[in-house]
Amino acid sequence: MSNLHQSWYEAGARERIAALVDTGSFTEYVGPERRETSPHLGIFDLPAQFDDGIVVGAATVDSTPILIAAQEGRFMGGAFGEVHGAKLTGLLRAAKALNRDVVIAFDTGGVRLQEANAGEIAIAEIMRAVTEARIAGVRVVGLIGGRAGCYGGGGLIAGCCSTLIISEQGRISVTGPEVIETNKGVEEFDSRDRALVWRTMGGKHRTLIGGADLFVDDDAAAFREAMLAALVRPAKAGSVRNAAPLPVGKGERPGLDLATLAAEQDRLERRIARFGDAADANDIWRMLGIDNAQAIPDMPSAAFATLAAQYRESADDAR
Amino acid sequence: MRQWNTRKQMREERIAAGRGFATGKLVDPETLVDFLEAVLRPGDRVCLEGDNQKQADVLARGLAAMDPDRIHDLHMVQSGVVLPEHLDVFDSGIAKRLDFSYSGPQSARIARMLFGGKIELGAIHTYLELFARYFVDLTPQVALIAAVSADRHGNLYTGPNTEDTPTVVEATSFGSGLVIAQVGEIVDTLPRVDIPGDQVHFVLDAGKPFYVEPLFTRDPAAMTETQILTAMLAIKGLYQPYGVRRLNHGIGFNTAAIELLLPTYGEKLGLKGKICTHWALNPHPTLIPAIEAGWVEQVHCFGSEVGMEDYLAARPDIFFTGPDGSLRSNRAFSQTAGLYACDMFIGSTLQIDLAGHSSTITANRIAGFGGAPNMGSDARGRRHPSAPWLQAGAEADPDTAAPLRRGRKLVVQIGETFGEGNAPLFVEKLGALELAEKLDLDLAPIMVYADDTTHIVTEEGIANLLLCRNADEREQAIRGVAGFTEIGRGRDRAMVERLRERKIIQRPEDLGIDPLDANRNMLAARSIKDLMLASGGLYRPPSRFRNW
Amino acid sequence: MEILHFDIAAPVPAGGTRAMALVGVVASGNLEVLVERGDAADRCAIEISTAAHGFRDLWDAVVADFVGRRAAGGLRIAINDGGARPDTVSLRLAQAVRMIEEPEA
């Protein structure tokens, strides 16, 4: 009826998966009919969800087999619990064993308070599983653009991914805006100043500062296109720009190694040295050489993507 | 010998007393409280703006900071009780009596204070009614108003949020009262003159803009499938068959959903140009897609809305604008437009009883009336015919000969059967009745009376009260759209089916609507950002609505 | 949590061949409905898990209305309720039936 595109932001976990994979190719692991629900939420009189807020399984994209996970941001804010975390850990271990690339649609506020210990352990297990998979040559591609953003432990996991794709609505951070305000005061960070929140942790800023790699419109088709591009990139350090396009998933896959980690450490140290004293993202953008920094938040996606390609801090050599 | 200019003399005394704290008309902000104590008298009738949106906030703070030993027992007459200071003056004894219209933001506190005897209540009014009394028995002796800017003569620019000001100043100034204006800045030349300087006695440069509540922005992201379903029902079951071109939408998600369905669902039904062409309406951002798609010919506004100023100025064919290009709103005239020049009012409420009376008053909250009683009333003084008006009149009274049969304004209550906090919309006894008992009021504060209400729309269907011939039919028609509430479950099923056959009740299926088709893809905009894009970037949403 | 069970006659049998369908999300004011095939073609079994205690009568009315209006026979339904309004529950149940009748992908 409406001629609007399919919004990634509006879509649920299952709709996102359907938009990314070849039609009918998705097989769910530990699906809702298995009723593997949280053993903890009932104690707090909180309702469970049959898939514990994450959908995981196998599919094909352009006929290439991958493994895929999507968090449901509307259930418990997409937060990690024991079962939720275990499903993702298991998927990543399977990816290593099967040598399949993994796509993760993040939509999470971090760890569930009600399952704090299990959740924190899960984050650590997932980070290890991501790393081991990448060492084995698997690509782990993160997609961020949902209501809950990618916070807390989710932000940490995202930092371990091979490629991050983000839209304007997306946010990546470890600490959330309210917690920053509580700890540092409203003068330092007013969490109700939403423009400030987005300048600090939102998709456009993350793209410009090298915290995300590919910027897309809030459009499921755009996320799919970027995902395909990410699945073709070499799985480890090396210039991406000159790489000839390879069929998805195929080609040289030397994997994550110590050299990559060292390069990433270097990149982060350089970044802090260069931008550490900046008071606001506007200052950073100006330092990047962008004249009209204030225009960035209202800039339409296509124009921003062009600008970003020219001026952004890249992580291509490191991540 | 009787003196005939006592009021003018009193005003002269006040002005003389005030001059000690001012340079000409310009009050020294450092001495605001002393100034107010000098120009006011105990027991004065004071109008403090207190509009629905804009607030003379600096003057309100000054008022609340006065010494109650010097100034006390004021009678406040104001349309909106919005700021904490509006009630602080009652706590301290500076004010004693209150006549007002709307108290949404202070609904809990004002209830406590009324029950606690801290406020002597004159009456709760609808806006136009309160304005009317400014010219009869509630003429303010002092008016504290809010304007955007002033020049050195005291001419005022009130801009998009002109709202109540011309009405307040007219009554006060020409009734020999004192007019004191808070402005954001003093300039050499105003963009336009909204209030002439000889109606204004003192001006305070507050150094910053007056406070404005963003009230009419409804985030499309929060709209539910059920609200979309009620909107589809309204368009197909009411707007289309009655051919409603001139209307007012009350504030709320259901009406905002109707606005967002015009360019999509309305278009599919072929209704462009046939409905929703002329509006008495605040500048709802959710109307932007319909305006851009060519549905709207003209809108007159009660007030403005935060973030909409540039869009309004860029659409002077649609909105009322001054020679400077910015919006000119006027609540009194918009209310009059809604009374006499609109064929439909449609809005939402919190409670409806079995007769069809509706109210927003609950045990602990008194939000007042605002404009709804006026907009949602049949205007018996109306004389000009229109097709929807005549059609409704014929449904209500088929037996009277046509030349003697007045029409009826369509007055529609729309909402889900269960509202906020899963509270049922339909109740046996209105909270308003309990309030009347508690406060010993002559009248229960009813927002829209049963005999003005023509239709009720819920997700279960449309009840046409015009076609009901007795109280029983009315009750069952209401129960028949009351869904799973206790009222709905208590329906006489056989009778409801008979009412359905007579089209007194119409279900979605009867109108060819499948509830499962109601989904968010039908909205012409699904987010605040979509609205901004639809406006070509002219609409600048307030910070709280951003997610970019 | 309160767990409610209903096992009622459902005159109209559900169509389609899908083994399972899932609609909705457990969020505030929302619910998820998992539909699977049951044993008896003329009965519908519904299990509801809800944090809102004491609303059995209301669920009863919604369920009765559902099996009266929709093709619910032969279905086994499990609901996780996030405090949804009755009209939302009705909508999701109807959506779930529609989904399980959809042709296999």
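This is a predicted model: local features need pLDDT of at least 70, side-chain atom pairs count only at pLDDT 80 or more; totals for chains, interfaces and linings use all residues.
Student: What radius of gyration does chain A have, and why does it agree with a compact globule?

Tutor: Happy to start there! Chain A has 319 residues, and a compact globule with 319 residues would have a radius of gyration near 20 Å. The C-alpha atoms of chain A fill a box of roughly 55 × 50 × 50 Å along the principal axes. The globule rule and the chain agree because the radius of gyration of chain A is 19 Å.

Student: How many helices and strands does chain A have, and what share of its residues is buried?

Tutor: The secondary structure of chain A comes to 11 helices and seven strands. A residue counts as buried when 20 or more other C-beta atoms lie within 10 Å of its own. Of the 319 residues of chain A, the buried share is 47%.

Student: Among contacts in chain A between residues at least 6 apart in sequence, what share joins residues at least 24 apart?

Tutor: A contact here needs C-beta atoms within 7 Å. Once pairs in chain A are at least 6 apart in sequence, the share joining residues at least 24 apart is 71%.

Student: Is helix α3 of chain B mostly covered or mostly open, and which of its residues are buried?

Tutor: Helix α3 of chain B spans residues 57-64 and is mostly covered, with seven of its eight residues buried. Those buried in α3(B) are Asp57(B), Val58(B), Leu59(B), Ala60(B), Gly62(B), Leu63(B) and Ala64(B).

Student: Which element gives the most to the side of domain 1 of chain B that touches domain 2 of chain B?

Tutor: Nice one to work through! The domain assignment of chain B gives domain 1 (11-212) and domain 2 (220-529), and their contact takes 32 residues from domain 1 and 32 residues from domain 2. On the domain 1 side, β6 (95-102), α5 (107-115), α6 (127-134) and α7 (165-174) of chain B each supply at least two residues. The element that gives the most, with six residues, is α5(B).

Student: Which strand gives the most to the side of chain C that touches chain A?

Tutor: The contact takes 16 residues from chain C and 15 residues from chain A. On the chain C side, two or more residues come from each of β2 (20-24), β3 (31-37), β4 (43-50) and β5 (75-81) of chain C. By class, this side has nine nonpolar, four polar and three charged residues. The strand that gives the most, with three residues, is β3(C).

Methods. Residues are numbered from 1 along each chain as its sequence is written. Chains are lettered from A and ligands numbered from 1 in the order in which they are written. Helices (H or I, at least four residues) and strands (E, at least two) are DSSP runs, numbered from the N terminus. The radius of gyration is taken over C-alpha atoms; the globule rule is 2.2 Å times the number of residues to the power 0.38. A residue is buried if 20 or more other C-beta atoms lie within 10 Å of its own, exposed if 12 or fewer, and partly exposed in between; C-beta atoms are placed from the backbone. Two residues are in contact if their C-beta atoms, placed from the backbone, lie within 7 Å. Domain bounds come from an automatic or database domain assignment. Ala, Val, Leu, Ile, Met, Phe, Trp, Tyr, Cys and Pro count as nonpolar, Asp, Glu, Lys and Arg as charged, and the others, Gly among them, as polar.
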